[in-house]
Amino acid sequence: MDATAIARNRFGLGARAGEAAPRDAKAWLLDQLARFDSRPAPIANAPGRAEAAGEIAEFYRTRRAERRERRMEAADDASPQMEARRAERRDVRDIYAQSVAARANAALATDTPFVERLVHFWSNHFAISADKLPVAGLAGDFEFSAIRPHVLGRFADMLGAVERHPAMLVFLDQAQSIGPNSRAGTRAAGRGRKRGLNENLAREIMELHTLGVRTGYGQADVTEFARAMTGWTVGGIGRGVARRIDGEPGAFLFAPQFHEPGTRTILGKSFAQGGEAQAQAVLAMLATHPATARHIATKLARHFAGDAPPATLVAKLEAAFLRSGGDLPTVYRALVDAPEAWAAEPVKFKTPWEWAVSAGRAVGAESFPAGNVAGFITQLGQAVWRPGSPAGFDDIAASWAGSDAIMRRVEAAGRFAGRARMEQDARTLAASLFGDGLSETTGTGIARAESPAQGLALLLVSPEFMRR
Amino acid sequence: MMDRRNLLRTGAIGAAAALFAPRIAFAAAPTDKRFVFIIQRGAADGLGIVVPVGDPAFAGQRGVLADIAEGGLKLDSTFTLHPMLAETGKLYGAKQALFAHAVASPYRERSHFDGQNVLESGGKGPYALKDGWLNRMLALLPEADARALAIAAAIPLALRGTREVASYAPSNLPDASDDLLQRVSMLYQGDAQLHGLWEQALATRTLTGDLAADNGRNAAATGALAARLMAPANGARIAMIETGGWDTHSGQKARLGAQLRGLDAMIGAIRTGLGAEWANTMVLVATEFGRTVAVNGTNGTDHGTASAAMLLGGGVKGGRVIADWPGLAQASLYEGRDLRPTGDLDGFIAGAVAAHFGLEPARVLPTLFPQSTAAQPVEGLA
């Protein structure tokens with residue numbers, strides 16, 4: 001690939017049909033840092049947090065009502081409450097589908113694809129998984145309001161927004177975590193009830209979001225951090241104890257009655273009691289920790305320079321992160337400036353998401369059909385915002401380059417190409433997408449296709465298009 | 001080709017046959033000969049089909065698969081036919097079936113993908129030729145009779161080339177994207193990672209569209225369909241039928257039995273459907289390569305080298321097994337694991353085609369297999 005093709009395919013989301021090639025690949029990438037719109041039309045029109053939270057709260061309300069009803073009467077399958085609950089579940093799933101479509105349409109249309117890719121990168125770094133109903137409803141808002149506004153800001157700010165978001169607080173069980181010596185904790189203990197700490201979020205922040213696994217923190221640090229985090233919860237939609245917390249549904253809430261009193265010691269540093277600010281101070285410390293810089297640098301390098309990225313690139317990104325105190329544009333500039341990220345050979349096998357988006361852009365699609373796109377990408381093997389684990393989707397070829405996955409892409413390409421309204425011939429398109437990186441085999445295969453649609457399908461599954 | 005195929009696919013069978021009519025409506029047919037190629041995709045186990053029970057090393061080598069021929073027709077002192085091949089056995093008894101054993105194409109690796117390319121293109125190695133030997137064969141036939149049909153949604157490589165070929169797919173065969181799949185194969189040939197993945201993907205797909213479906217009724221229906229399209233005087237003269245499901249890496253005894261029941265039903269349906277024209281018909285059954293002599297850890301067999309091919313039809317000089325039998329003793333095996341190829345599949349096919357159509361073997365061989373310098377056409381097959 002030449003520099004233009006690398007900028008478009010590896011750094012960006014794939015060229016759009018008919019789009020003029022940038023004259024200076026690096027300048028084009030850096031210029032996007034100034035032009036990025038965090039709320040383009042598809043995102044601005046997506047269901048907001050209030051709507052999602054309202055549906056989720058309503059779901060739990062109808063479920064509780066149904067359970068009450070069951071206790072009082074014989075179980076009745078056709079109960080109106082059960083119907084209502086099912087309808088609410090559908091509504092929440094619908095919000096999820098609309099949000100996926102908004103994300104995909106923003107990715108199709110964007111003229112700042114490098115930054116859009118970074119949004120997807122961070123969203124996967126701070127992975128939530130839409131397996132739980134409330135997380136499914138809030139997943140879109142998580143990316144749109146916690147990731148997007150901070151993608152060109154400081155890492156610490158993104159970290160703070162992410163850990164306060166209801167999707168994260170619910171996904172990793174923080175919403176129900178109660179300090180044993182907090183007011184709520186002692187009251188529950190007095191009644192013989194067991195209420196207590198949930199370490200889940202605290203642990204994953206250290207292991208996945210900031211420091212990285214095996215970087216020197218211990219179980220005591222995790223527990224102390226979990227104590228500091230108590231009180232961070234969500235208004236209105238939580239289950240169990242958190243349900244009784246008043247407040248705007250779906251909004252972050254600090255519940256002082258849950259907070260474990262006392263000074264905490266984490267990684268040898270002391271954090272004085274300060275309510276909500278205590279955990280915030282811990283996050284601030286973690287956000288600029290050298291282990292965090294190393295962890296983030298490694299993941300970014302892997303995303304752009306190959307599954308086993310050059311150590312020199314990791315070192316450069318790490319240095320940029322530390323030097324700037326986690327200023328993300330500084331890190332991105334170091335990435336664009338590093339020759340290691342511009343290897344001519346494709347270094348990454350596209351994930352199903354990347355493949356689908358680049359295919360849509362290549363054929364010049366204006367939008368994916370609403371409702372369809374979530375299912376489409378799920379069929380390709382990567383359900384959006386549903387990696388099933390807080391570690392997110394893997395970013396290595398071994399996880400995506402499978403025989404069934406390839407067959408699905410081929411089948412999808414056949415259908416996709418059959419429906420595409422192409423203005424450009426697949427041969428011309430191939431030349432404009434890959435420049436001198438287009439192999440003779442692919443060029444010939446496309447040229448000899450039995451129809452324009454088949455030529456397009458072949459282009460979309462060609463070795464060049466499978467990688468970036 | 002697109003329009004024609006769509007018409008063929010959407011039209012009734014009668015309409016499909018009638019498509020051939022305009023060109024030859026009142027022409028005298030210089031030949032009544034019909035030829036059917038049934039390809040076994042996935043590497044059919046010749047040792048489990050035409051079973052060398054008389055080989056002293058057979059029982060020891062085949063372990064749990066050694067009793068597979070019980071109840072089958074004894075063909076000669078060495079070979080017994082798999083018991084599921086009852087109709088085929090009757091043809092053998094009537095001297096209308098013969099088997100060639102320990103045969104192989106020039107391909108010596110073990111990739112389905114490449115092996116089928118060699119079997120169908122008739123080249124010396126994978127992707128050495130762009131068109132198929134069955135298409136090149138059309139050039140040897142009288143112009144008016146060079147009508148070929150693929151019983152498939154898309155034209156398989158063996159039938160591809162300069163001569164126009166029709167296709168007709170019964171709905172239970174894989175859909176039209178098979179053509180796309182073949183082209184993707186070409187696209188990935190030079191890509192080590194994608195080539196391997198794609199081969200696995202195709203192998204998996206083969207397993208899901210196999211002959212064994214619906215207890216062989218689908219296979220019989222496909223055979224009957226081919227016969228209906230070929231029986232009329234203005235019907236197709238050359239047809240190709242694709243069968244999958246031969247890649248028996250595990251549980252081979254049951255799976256191969258079901259496969260062969262399907263194949264036997266297909267052959268029986270072709271014979272019945274062609275009626276009197278069976279006398280003018282030759283059916284070739286062949287696979288890309290064979291399977292290991294030894295049984296693997298999952299009661300199946302892995303990719304091997306030589307296998308068996310079948311020739312059936314009213315004019316076939318059958319009732320015999322043609323083999324320069326290499327034996328199954330460990331020291332005789334190819335690379336210590338496979339049935340050693342001692343017969344040339346190219347020469348067998350060229351000889352069969354020449355004898356069937358009354359053509360010069362010396363002319364047929366270089367047309368069908370232009371790179372096959374070593375092969376001598378087998379004489380006296382029909």
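Which helices of chain A are included in what covers the buried residues of α11(A)? The notes below start there and then work through both chains.

1. **Reading the model.** This is a predicted model, in which local features need pLDDT of at least 70, side-chain atom pairs count only at pLDDT 80 or more, and totals for chains, interfaces and linings use all residues. Residues are numbered from 1 along each chain as its sequence is written, while chains are lettered from A and ligands numbered from 1 in the order in which they are written.

2. **Helix α11 of chain A.** The cover over the buried residues of α11(A) includes α8, α9 (166-171), α12 (219-229) and α13 (276-287) of chain A. In α11 (residues 200-209), the buried positions are A:L201, A:A202, A:E204, A:I205, A:M206 and A:H209. Buried here means 20 or more other C-beta atoms within 10 Å of the residue's own, exposed means 12 or fewer, and partly exposed is in between, with C-beta atoms placed from the backbone. Helices (H or I, at least four residues) and strands (E, at least two) are DSSP runs, numbered from the N terminus.

3. **The two chains in outline.** Chain A has 23 helices and 4 strands, and chain B has 14 helices and 11 strands. Of the 468 residues in chain A, 54% count as buried; for the 382 residues of chain B, the buried share is 58%. In chain A, 73% of the contacts with a separation of 6 or more are between residues 24 or more positions apart. In chain B, 75% of contacts between residues at least 6 apart in sequence join residues at least 24 apart. A contact is a pair of residues whose C-beta atoms, placed from the backbone, lie within 7 Å.

4. **Helix α6 of chain A.** With 12 of its 13 residues buried, α6(A) is largely enclosed by the rest of the structure. Among those buried are A:F114, A:V115, A:L118 and A:W122, along with A:E116 and A:R117. Their packing partners are α1 (3-11), α2 (25-35), α5 (80-109), α7 (133-147), α8 (155-164) and α14 (290-305) of chain A. The length of α6 (residues 113-125) also agrees with expectation: at 1.5 Å a residue it should span 18 Å, and its end C-alpha atoms are 18 Å apart. The expected span is 1.5 Å times one less than the number of residues.

5. **Two glycines in loops.** A:G12 sits in the loop between α1 and α2 of chain A, and is buried, with 27 other C-beta atoms within 10 Å. Beyond its neighbours within four places in sequence, A:G12 contacts A:A7, A:P113, A:F114 and A:R117. Its C-alpha atom is 7.8 Å from that of A:T112, 100 residues apart along the chain. A:G392 is in the loop between α18 (372-379) and α19 of chain A, and is partly exposed, with 19 other C-beta atoms within 10 Å. The C-alpha atoms of A:G392 and A:N124 are 5.3 Å apart, although 268 residues separate them along the chain. Leaving aside neighbours within four places in sequence, A:G392 touches A:N124, A:H125, A:A127 and A:P387.

6. **Helices α4 and α5 of chain A.** Helix α4 (residues 49-72) packs on α5(A) at about 160°, with the axes 8 Å apart. That makes the pair roughly antiparallel. Axes are lines fitted to C-alpha atoms, for helices over the stretch in contact, and angles run from 0 to 180 degrees between N-to-C directions. Angles under 35 degrees count as roughly parallel, over 145 as roughly antiparallel, 65 to 115 as roughly perpendicular and the rest as oblique. By class, the contact of α4(A) with α5(A) has 8 nonpolar, 2 polar and 10 charged residues. Nonpolar covers Ala, Val, Leu, Ile, Met, Phe, Trp, Tyr, Cys and Pro; charged covers Asp, Glu, Lys and Arg; the others, Gly among them, are polar.

7. **Where chain A meets chain B.** Contact involves 22 residues of chain A and 22 residues of chain B. On the chain A side, α19 (403-419), α21, α22 (452-461) and α23 (463-466) each supply at least two residues. The largest share, 7 residues, comes from α19(A). By class, this side of chain A divides into 10 nonpolar, 9 polar and 3 charged residues.

How values were computed: Two residues are in contact if their C-beta atoms, placed from the backbone, lie within 7 Å.
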